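Here is a friendly walk through the model, written for someone who will have the coordinates open alongside. Please keep the viewer at hand as you read.

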Amino acid sequence: MQVPHEKRSALAGLINWFTTIVGRVFISLFTPAITFLVLWRVFLFLRDSDAPQIIIVLVAILWGVGGVALLFVISNWVVEQLPGNWGQRLQPFVFIGPAVVIMGWYLAIPVFRTLVLSFKDSLGQDWIGKGWAIFDNYRFAFTDRIMLETFRNNFLWMVLGTSLSVGFGLLIAVLADRSKFESIYKSIIFMPMAISFVGAGVIWKFVYTYRGEGVGIQEIGLLNAIVLALGGESQPWLSLPPWNNLFLIIIMVWLQTGFAMVVISSAIKGIPAELLEAARIDGANEAQAFFKITIPYIKGTLITVTTTIVIFSLKLFDIVRVMTGGNNGTNVIANEFYLQRFTYGNTGRASAIAIVLLIAVIPVILNNLREFNKDRRAF
Amino acid sequence: MATGTKGKKHKSTLVLNGVLILICSIWLLPTLGVFITSFRDSHDIFNSGWWTVFPHKEDDDIGEVILDDAVDVNGKIPVEGITATFEELREGVTLPDGRKLTWFGNKRTRKIIVSEQKWVGFANNLTLENYADVITGKEITFTDAGGNEILRRGNNLGAAFLNSIAVAVPATIIPILIAAFAAFGFSWLKFPGRDLFFTMIIAILVVPLQISLVPILQDYTKLQLNGTFLGIWLAHTGFGLPLATYLLFNYISTLPRELLEAAYIDGASNFTILFRLILPLSVPSLASFAIFQFLWVWNDYLVSLVFLGEKTRVITYALASIVGEKGQDWHLLTSGAFVSMLLPMAVFFMLQRYFVRGMLAGSVKG
């Protein structure tokens, strides 16, 4: 952009201008090309190499993180080389471009691609039928016996799982708020948030484990040991429909209560102390103060937490997959999606099931958009 | 009167803490059971519950009685001063002096074990062998409950652990980097389509990721990205970006405008401002999301199941395969579960403060 100011002969100026531009264009194209080439070579090395694993892991981390940083630096530099105000015009797209492209590729466009696939056959190539038969995958998704079972189970997960998680979360948040050891209690309840669903699956499978009848056989599962100690009979808990759903839901409650508790707890801390004080002076007892002040005050938070856990229970997959594989009447929508796509290889049906999940969250999406539009003046 | 209310208050505090301790115990007990079991001998695990490592009363054999051939085992059997049937003896009969008689095996053995209730202290035969077996990939043998020697290939969780690191570290940093640029762009730069793109981010915030799996898998097959680190990083980046951008935008857009204007006047470029000014100021927000995303990626099962699979096993995948293949080998399952929990637990307890903050800022993820 620094065009020389001295007046030279027109020709020399032209040559100078020309070489500068050509040089710039050359370098601007050459540098990214080299960068891509190097990154590509490393990608091939990572994909095909038999080097010791620790080396691959280190190279991969450096390459992945460094590569992305490098791409930003290079593309920003290229844009800054551009003549005139093109640089300024294009720079915002260097900043937001990668994010928008990746989100578009991975989430926004797939919504439409999956919608199209949901009208196609199991291989995803031809339309599944003519006329009304085009809806065959949806007929499966909404009326098949397997799907109706998953709807019932997801309904159980949503209602029981969410209400128990939020209920326990609220209870513990309110109780812990009055105790000196609040942070210890909260850490313990919150801890399962760090555990994977697969890990939680192992932990609870051990609680529910069943050895059966027989001389000298000891029950090593906690639940059966407790039932035996109370004079009952040991049971194979995970193969007893419909109760096994409840035993799986308990795992989710164990995992999600911590989340509900932490969010609710921070909302409770936001209630002005004077408000509760005033109510008590006016003669309200603890229960009245709780229902008349605490609950209305944290209503928004309760709704947010409930929505989040409802969405979570709708997409629930790992727990069922690891614990029962969806057998014995425990199947859920997301597991059936997985089975259709990856076990039976039916792309069309899997896509229709994914669309069912999407339809279920549409009210939340619309609400998010409405809230966002309300704050738009701030934006 | 004063002491009365004080006593009442004291009592209610006790009840309050009692209830909380009860709930917390219920919450901890399942994990404690797995933790203890992971250190027990594979043989012991099947013979007694994990709670027996604590001091408890247990039947201790002190002798045995062999019945004469003259005794009819099908009728009333006189033994040690009492008479009982075979069925009763098989269940175990307690003598008035506290000793217990238990028939050994079937009717033909004619053997009765005499035992006494005795206190047993803390178990001292704990071992680290389960961890060695589950982490390494070597062949291992162990004896099952029936006394059979069993040969199994190790589960090589060590390798899966490294793979998980190779997946989780870039899959945490890359989305943060990209989201930081985007959040800065949306907060401070003017360009056409700004509202449209941001509305898209809001809209896809809670889209279930099942929506993407089918088409993205098609793309990956075409691009040969299946089973590669790049493929899974991009996938996690894609699924994490809406929340990351949204959270960072909420933070960065509230930074004081004067600060940036001063930097512009000093001639700093957008790039410099982002790296020298914005990112250092946004550390709390970046840290919150980083922990959130790291735990999410480390604990993820579905995405790695679909895009990595057997070829590059991550820790959740490896653990889930042990559940599938060796569902009753509790010595491997329990130690494996703890290996998988090690890193997220450490991150979680060290950086809990940031994690909570991140969770409060945006509790909805697709």
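Just after helix α8 of chain A, A:G231 takes a positive phi of about 95 degrees. The helix itself covers residues 222-229 of chain A, and its A:L222, A:L223 and A:N224 are buried. Here a residue is buried if 20 or more other C-beta atoms lie within 10 Å of its own, exposed if 12 or fewer, and partly exposed in between, with C-beta atoms placed from the backbone. Helices (H or I, at least four residues) and strands (E, at least two) are DSSP runs, numbered from the N terminus.

A word on conventions before going further. This is a predicted model, in which local features need pLDDT of at least 70 and side-chain atom pairs count only at pLDDT 80 or more, while totals for chains, interfaces and linings use all residues. Residues are numbered from 1 along each chain as its sequence is written, and chains are lettered from A and ligands numbered from 1 in the order in which they are written.

**Chain A as a whole**

How confident is the predictor in chain A? The mean pLDDT (the predictor's confidence in each residue, from 0 to 100) is 84 for chain A, with 95% of its residues at 70 or more. Within the chain, confidence is lowest in helix α1 (residues 10-48), at a mean of 76, and highest in helix α5 (residues 145-177), at 92. Where pLDDT is low, the predicted coordinates should not be read in detail.

Chain A has 15 helices and 0 strands. Its radius of gyration, taken over C-alpha atoms, is 30 Å, whereas a compact globule of 379 residues would be near 21 Å; the globule rule is 2.2 Å times the number of residues to the power 0.38. The C-alpha trace spans about 105 × 65 × 55 Å along its principal axes. Chain A is divided into domain 1 (10-105) and domain 2 (136-377), with bounds that come from an automatic or database domain assignment. The centres of these two domains, over C-alpha atoms, are separated by 45 Å. Of the 379 residues in chain A, 37% are buried.

Among the contacts in chain A with a separation of 6 or more, 63% join residues 24 or more positions apart.

**Where the chains meet**

Between the chains, 92 residues of chain B are in contact with 88 residues of chain A. On the chain B side, the largest share, 16 residues, comes from helix α5 (residues 157-188) of chain B. By class, that side has 70 nonpolar, 21 polar and 1 charged residues. Ala, Val, Leu, Ile, Met, Phe, Trp, Tyr, Cys and Pro count as nonpolar, Asp, Glu, Lys and Arg as charged, and the others, Gly among them, as polar.

Helix α5 of chain B also holds B:W188. B:W188 and B:L260 are 72 residues apart in sequence, yet 8.9 Å apart in space, C-alpha to C-alpha.

**Chain B: domains and sheet**

Chain B is divided into domain 1 (2-37), domain 2 (56-120) and domain 3 (157-361). The centres of domain 1 and domain 3 of chain B are 37 Å apart, over C-alpha atoms.

In chain B, 4 strands form an open antiparallel sheet in the order β1-β6-β5-β4. β1 (56-66) and β4 (93-94) of chain B stand at the edges with a single partner strand each, so one side of each is left without a neighbour in the sheet. Two strands pair if DSSP finds at least two bridges between them.

| Strand pair (chain B) | Sense and bridges |
|---|---|
| β1(B) and β6(B) | antiparallel, 10 bridges |
| β5(B) and β6(B) | antiparallel, 4 bridges |
| β4(B) and β5(B) | antiparallel, 2 bridges |

Which residue of β6(B) is the bridge partner of B:K100? That partner is B:S115, and B:D61 also stands opposite B:S115. B:W103 stands opposite B:I112 in β6(B), while B:V93 stands opposite B:L101 in β5(B). β4(B) and β5(B) form a hairpin with 5 residues between them, and B:G98 in the turn has a positive phi of about 100 degrees.

Conventions. Two residues are in contact if their C-beta atoms, placed from the backbone, lie within 7 Å.
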